Amino acid sequence: MSTSVDAPQQFKQPSRKGKKAWRKNVDVTEVQEGLRQLKDAEIQGGLISEKPSEELFILDTTGDQQVRQSIAKKHKTLKADEIIAQRSAIPALDGRKRMNSNITDGVIEPKTKKHKNDWVSRKDYLRLKQVAKEANPISKKGNNELHDPWADDAEEPTVYEDPRFDFLVKPKAKVAPETLKHAPISLAANGKPIPAVRMPHAGTSYNPVFEDWDKLLQEHGEQAVEAEKKRLEEELKEQERQRLIAEAQNNDGEVKSDDESAWEGFESEYEKPEWLNKKRPERKTKTQRNKIKRRKEAERLAKWEEQKAKKDAQAERIVELTELAKQKELERANESDADDSEEGDETTLRRKPFGGKLPPPEKPLELVLPDELQDSLRLLKPEGNLLDDRFRTLIVQGKLESRKPITQARKAKKKITEKWMSKDFKVPGF
Amino acid sequence: MAKIKKKGTSGQAKNYITRTQAVRKLQISLPDFRRLCIFKGIYPREPRNKKKASRTSTPNTTFYYTKDIQYLLHEPLLNKFRDQKALAKKIARSLGRGEVSDAARLEKNHAPKLTLDHVIKERYPTFIDALRDLDDALSLLFLFATLPSSDHVPHKTIALCQRVCHEFQHYLITTNSLRKSFLSIKGIYYQATIQGQDIMWLVPYRFVQRVNGDVDYRIMATFVDFYTTLLSFVNFRLYSSIGLRYPPKFDTRSDENGAELAAFTLEGRNVTEAPKAIESSKAKAIDTNKEVSKEVQAKVDKVIKAAGLDKTTDEPMADATEESNDAIDRFEPAAPEADTLPQPDMSGKDAGALFAPFTFYISREAPKAPLEFILRAFGCKRVGWDAVMGDGAFTHDETDPRITHQIVDRPQLPEGSLPPVPAAAEGATPKVKPGTRIPGRTYVQPQWVWDCVNDGKLLRADLYGPGATLPPHLSPWVKASRGAYDPRASLAEQEDEDEAELAEEDDEAEDSDEEMEDEPAAVEKPVAEESEDESVDGGMDIAGTDDDESESEEEDEEEEFPGVEEEAASESDDDDEAARNQHQRELEAEAAGLPFSAGATDESAKKKSAKSKKVAAKKRQEDEELERQKMMMSRKKRKLLEKMMYSNKKTSDEAAKLRSKRRKLEKGEKAGQK
């Protein structure tokens with residue numbers, strides 16, 4: 001076929017005038033040539049371009065043995081090349097030299113120590129020091145093998161019993177003592193176990209019923225007043241004590257000179273302190289003794305009379321009193337009835353905690369005061385500290401001994417001595 | 001002669017061991033001994049006589065059972081502690097020699113692994129035992145999950161606590177086993193029922209925990225260690241019991257974005273979280289191209305609507321109504337004097353259906369974490385919140401029409417006092433001016449959710465509207481005992497038979513007294529009838545009262561006695577005033593020259609006395625009966641009965657006082673309405 005792709009044109013067309021430009025004089029030799037070739041092809045057995053490729057080609061999978069031999073004879077490869085040619089599909093390692101890398105060629109030492117593969121950073125070093133000090137190295141490979149410890153199918157490892165050693169005494173099984181199961185000793189005053197989470201009092205709601213809250217407030221208020229009274233009393237006592245001490249220190253038997261009068265121009269006589277003026281007790285006479293004896297007897301009698309009168313009066317209204325006593329008893333029974341429940345009260349603790357120097361920490365006030373009472377959750381100011389609360393609960397449950405954390409460890413005592421090296425000298429001449 | 005017994009070889013001296021002796025015996029340091037005791041559950045003991053138990057003169061000794069300590073010698077953990085000590089020595093030596101890399105290698109390869117698995121199994125032989133002791137564990141772990149990280153409390157511990165806690169919450173959500181919750185001033189109490197065990201724990205409010213120096217963090221860290229192990233095992237068991245894979249898939253990135261509960265994806269047999277998935281894909285689409293125009297968004301919405309995805313709100317509604325039919329029977333006391341039995345809590349199905357049909361939106365100021373947990377635990381599948389509160393919401397768009405309830409906790413502010421809302425950026429979620437109400441949804445304060453949960457039913461939302469004065473939040477665990485005042489129940493349900501009438505009569509008497517002064521002639525009234533009517537009204541809730549009738553009667557009353565109202569409003573019913581009135585009347589009568597006893601008070605007084613006489617007679621009879629019965633009892637039983645009666649009387653007196661207060665209030669209200 002022709003290679004031209006232009007439109008069919010006339011024979012050479014120098015001009016468009018005249019008969020030569022007519023259509024019937026168009027040059028169709030190319031088309032005719034093509035038709036002739038098609039005819040020839042059909043004669044030879046069909047058009048090649050329309051035949052399926054299976055008829056045209058066959059796949060030579062074996063190759064020509066002769067050709068191969070001839071080529072091998074012509075270019076003979078070396079054995080080394082043959083070996084080298086067996087390349088992996090995986091790309092080779094990069095052989096470049098890197099400036100900042102932990103990877104070295106293993107021959108030349110890296111320039112800085114940080115490139116050593118066993119380099120330990122400063123942070124790690126400090127951590128190691130800490131670990132060594134606290135003696136608690138723990139493997140960081142997480143222990144995340146989760147399983148069900150309560151599963152039924154946890155079979156006991158069967159121990160192989162060697163018949164050769166059946167004369168040996170079998171080791172005893174480790175039996176947990178009974179005491180391990182004993183509940184911890186609660187610190188509650190009534191000795192009942194204290195629950196981990198107490199049922200909240202109705203008055204501790206963030207938006208409580210007034211009565212409940214008021215009851216709680218009254219209760220805490222009374223306690224606070226009691227505590228304050230006690231504190232004031234203590235304070236007074238302490239003041240008194242301090243005063244006495246100060247007094248005792250001031251007049252330690254010394255004579256006070258009368259400064260005031262000295263300033264005024266006249267000096268008083270030598271003054272003895274009061275306690276020096278005190279006379280020594282003198283011997284009592286017989287009459288005096290008898291007198292005292294009589295008085296004592298009379299006093300005793302009067303006392304007895306008084307007591308008797310009291311008793312008689314009581315005997316008169318015995319019915320009333322028994323009623324009163326009954327009432328009181330009921331009241332008390334009722335009080336104790338309040339903790340008939342299983343739970344111990346964590347606010348009232350027994351007087352003496354076991355072990356440890358410190359009493360368990362005080363329970364802080366958990367109450368919204370009247371001026372902070374809010375009815376919106378947004379405005380609520382939470383009371384109490386739950387962290388302290390948890391710690392305290394553990395202590396009052398009896399699981400821990402109460403203790404204060406050591407914030408600063410006690411340092412070893414220093415003993416200062418004088419060195420005698422410079423003083424213990426000998427004068428050579430003597 | 002018998003052999004002389006040596007001192008200190010038997011009895012208390014043998015049974016108890018001091019702490020120092022124990023530490024020496026086990027050859028470990030004191031901190032290690034403390035840890036071991038915490039892990040193994042060995043507690044300090046108290047001998048009956050300290051002097052006999054030890055020969056030391058210090059009074060502050062802590063004692064342990066010798067057998068316990070002896071048993072500790074077998075403990076594998078003890079060997080681990082010793083290994084640690086040995087390794088620490090090696091590390092110290094290497095460091096001292098300057099062989100830092102050696103030290104690092106030793107620490108890396110030879111550090112012993114502490115596992116508490118066997119301890120868990122030993123201390124809690126059955127799973128139920130572990131569940132029983134979960135109170136303490138949950139409280140501590142939830143507390144540590146909210147602590148700020150410091151050098152005492154490393155962030156890793158906190159993250160671990162958060163993870164196990166969230167996993168546990170997910171279990172409660174899937175099984176709907178949360179039962180009650182209470183907002184206290186300390187924190188939020190929760191109660192769940194797992195396999196018949198009631199578990200209660202306390203979760204602090206966010207951002208209020210101070211870390212102070214009174215707490216020994218080493219000890220607390222030991223407890224946290226132990227409890228995290230315990231809770232992860234418990235979680236494992238719980239998850240596998242409902243066919244879920246443990247641990248659930250944890251998305252670190254969304255956790256960093258504050259997704260909390262939503263950072264976990266449960267995988268297992270029967271997990272369907274269809275609405276969640278849809279929403280998350282949508283949210284992702286929004287995240288990826290934030291410049292998506294509004295039109296596109298609208299189109300997407302339309303497509304979703306066309307596909308019927310938003311109809312999910314309607315379908316569960318029908319389900320819920322179906323489910324609510326099969327409820328557990330409640331124990332109704334057969335006779336009025338019978339014991340009231342503890343009512344069964346609602347079942348998981350009920351709990352799961354409570355909020356199921358709704359879509360919630362949590363405003364910025366409401367506490368998101370507890371609300372989300374509670375809502376989801378009670379069946380709500382679609383909870384949305386503001387974008388500032390973190391990832392994982394159903395929707396961040398406040399204007400979303402699917403939202404049925406919005407939880408708000410801000411005060412009502414007058415219009416115009418707020419700054420104008422900045423114009424929303426193109427494509428961002430549209431901002432809503434604070435304080436505006438979007439029609440078609442219910443606005444409630446957070447307390448509504450808690451009260452609904454505790455009551456087990458949906459309460460009136462209008463009582464909990466924004467800015468409304470909330471009804472008090474009651475503790476679900478304080479059950480009113482018999483005879484005590486219960487603010488939840490109506491007055492009619494709890495008062496005695498004659499109480500209301502008697503009270504009414506008292507009032508009547510006073511009323512009539514007052515009227516006496518102006519118009520003593522107009523006292524012909526059907527007292528009994530009237531009082532009955534009043535008592536019924538006081539009850540408010542009793543069915544079968546015809547409103548019209550009672551109203552008309554009330555109107556009649558009004559016409560007849562204009563003084564009643566005044567009286568009720570003023571509430572001046574003090575005794576001394578009554579006495580004063582009496583005196584006044586006497587004087588008046590005297591001035592008029594009439595005998596006072598023939599006054600108009602006579603009638604009502606007679607009626608009253610008749611009634612009270614009847615009551616008194618009845619009471620006397622009962623007393624006599626009781627007295628006779630008491631005679632037959634043994635002394636012990638009689639004492640017990642007396643005790644019981646005393647306390648009962650105390651509570652009932654108190655309750656009566658409160659009831660009378662309430663009656664007065666209600667009456668006042670009614671008068672106000674008139």
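The contact between the chains takes 70 residues from chain A and 86 residues from chain B; two residues are in contact if their C-beta atoms, placed from the backbone, lie within 7 Å. On the side of chain A that touches chain B, H5 (122-134), H10 (318-338) and H11 (386-396) of chain A each supply at least two residues. H5(A) gives the largest share, six residues. By class, that side of chain A has 37 nonpolar, 15 polar and 18 charged residues. Ala, Val, Leu, Ile, Met, Phe, Trp, Tyr, Cys and Pro count as nonpolar, Asp, Glu, Lys and Arg as charged, and the others, Gly among them, as polar.

This is a predicted model: local features need pLDDT of at least 70, side-chain atom pairs count only at pLDDT 80 or more, and totals for chains, interfaces and linings use all residues. Residues are numbered from 1 along each chain as its sequence is written, and chains are lettered from A and ligands numbered from 1 in the order in which they are written.

Now strand E8 of chain B. Helices (H or I, at least four residues) and strands (E, at least two) are DSSP runs, numbered from the N terminus. E8(B) spans residues 359-362, and both its faces are covered. B:Thr359 and B:Tyr361 on one side, and B:Phe360 and B:Ile362 on the other, are all buried (20 or more other C-beta atoms within 10 Å of a residue's own).

From E8(B) the chain crosses through helix H18 (residues 368-377) of chain B to E9(B). This β-α-β crossover is right-handed: with the strands pointing away from the viewer, the path from the first strand over the helix to the second runs clockwise.

Technical notes. A residue is buried if 20 or more other C-beta atoms lie within 10 Å of its own, exposed if 12 or fewer, and partly exposed in between; C-beta atoms are placed from the backbone.
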